[in-house]
Amino acid sequence: VNTGQPKGYLRSRFSRQGALLIRSGLPISDVVELLPGDLNELKGQLDDGVPLSEAMKLQKNIFGSHEIAMIKAGEDSGALEWSFSRLADDFYALEKFQKNFKQAMLYPICLLFISVIVLLFVIFYILPTIFSVFRDMDIELPLPAKLLMSITDISAFMLLGLIGLVVGLGLAAYCAYKNASVGVYIDNLMIKLPVVGRLWLLRDLSRFLGTLSMLLEGGIVIDKAVAGAASACSNRFLQENFREIGGQLARGSSFYSAIEGQVFPELIKRLVAAGEASGELPVM
């Protein structure tokens, strides 16, 4: 039901209600039955004996990969209530961040839009009049002025063609991003960006480490726990890296040596080393 509330707050309420219902001791099929929203297909699959995480995978238009990974981790570790509570906190925090970010960006975006409109007006309506005077005077203009004059000579047809070319390149880049190997390469470049990349990296590290802690506390072997927690990341490059770390752990490597030289901040590496030495890795 559309209540007019933001999507993130609705998903947070959905997850919070799921945690409360699981805490009350209801079977998962009954929990889904009581949750708000159109979940008839999901309920039918649960009635057929399909695990919740597998049923959610078949509903990818409703549930994201992060949600599915968290629920899967909760099923494996026996901490499904924790998974729902963590998802509720994540959705609420994300919606709050997005709301503040949109409010902060509204003013500069309006300024940028107005500036572009004014710039186009000057280039295509005012400068042609000025340059026509120089053409009549037959004066030798410097190179920057010649370049600007050539821009003002662009016809509307050529301008539409240029816009079409940019749109075509954008669609080609989007299709290339859907390719697994190309997408991993692009995601690797994205997390190296100064601000956006850093935020993406920290968000996925938070999801990965929180899910990993839950799996370890549930008694899952560390190599399988790392491989399972990797699915909580939205960045495909990080997913590949974390799965490789799981492979190194399966071959007998320590967690600290496996993450050495990886994207983890130095503080996390020191905490991992301390956790392995003290036997309190899930807490760390």
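Select H66 and the residues around it: leaving aside neighbours within four places in sequence, H66 is in contact with L87, D90, R207 and A232. Contact here means heavy atoms within 4.5 Å. H66 sits in helix α5; helices (H or I, at least four residues) and strands (E, at least two) are DSSP runs, numbered from the N terminus. With a relative accessible area of 8%, H66 is buried. Buried means under 20% relative accessible area, exposed means over 50%, and partly exposed is in between (1.4 Å probe, protein chains only). For a distance, pick the C-alpha atoms of H66 and V50: they are 19 Å apart in space and 16 residues apart in sequence.

Two notes on the model come before the next stop. This is a predicted model, in which local features need pLDDT of at least 70 and side-chain atom pairs count only at pLDDT 80 or more, while totals for chains, interfaces and linings use all residues. Residues are numbered from 1 along each chain as its sequence is written, and side-chain values use heavy atoms, with hydrogens and water left out.

**R207**

Now select R207, in helix α10 (residues 196-217). Which residues does R207 contact, leaving aside neighbours within four places in sequence? They are H66, R86, A232 and S234. R207 is buried and has no salt bridge; the nearest side chain of opposite charge, D204, is 4.2 Å away. For charge, Lys and Arg count as positive and Asp and Glu as negative, while His and the chain ends are not counted. A salt bridge is a side-chain nitrogen of Lys or Arg within 4 Å of a carboxyl oxygen of Asp or Glu.

**The largest pocket**

Of its 25 lining residues, the closest to the centre are L94, F97, Q98, R203 and R207. Elements that give two or more residues to this lining are α1 (7-23), α5 (65-77), α6 (80-137) and α10. Colour α6 on its own to see the element that gives the most, with 9 residues.

A pocket is found on a 1 Å grid over the protein atoms alone, as an open set of points with protein on both sides within 12 Å along at least five of seven lines; a cavity is a set of points where a 1.4 Å probe fits but cannot get out, and lining residues have an atom within 4 Å of a point. Grid points are joined across faces, edges and corners, and a volume is the space filled by probe spheres set on the points.

Colouring the pocket lining by class gives 10 nonpolar, 7 polar and 8 charged residues. Ala, Val, Leu, Ile, Met, Phe, Trp, Tyr, Cys and Pro count as nonpolar, Asp, Glu, Lys and Arg as charged, and the others, Gly among them, as polar.

**Salt bridges**

- Select D204 and R203, whose closest N and O atoms are 3.9 Å apart in a salt bridge. D204 is buried, at 0% relative accessible area, whereas R203 is partly exposed, at 34%.
- Select D76 and K72, which meet in a salt bridge of 3.6 Å, N to O. Because they are 4 residues apart in helix α5, about one helical turn separates them. D76 is partly exposed, at 38%, and K72 is partly exposed, at 37%.
- Select D187 and R236, which meet in a salt bridge of 3.6 Å, N to O. This pair links distant parts of the chain, with D187 in helix α9 (residues 180-190) and R236 in helix α12 (residues 236-250), 49 residues apart. D187 is buried, at 0%, and R236 is partly exposed, at 22%.

**The cavity**

A search of the whole structure finds 1 cavity of 30 Å³ or more. The largest cavity has a volume of about 80 Å³. To find it, select F14, M56, F63, I71 and F84, the closest to its centre of the 12 residues that line it. Elements giving two or more residues to this lining are α1, α4 (52-57), α5 and α6. By class, the cavity lining divides into 10 nonpolar, 1 polar and 1 charged.

**Last stops**

Select S15 in helix α1. Is S15 buried or exposed? S15 is buried, at 2% relative accessibility. Leaving aside neighbours within four places in sequence, S15 is in contact with F84, L87, A88 and F91.

Finish at I62, in the loop between α4 and α5. I62 is partly exposed, with a relative accessible area of 32%. The C-alpha atoms of I62 and L39 are separated by 9.3 Å, and the two residues are 23 apart along the chain.
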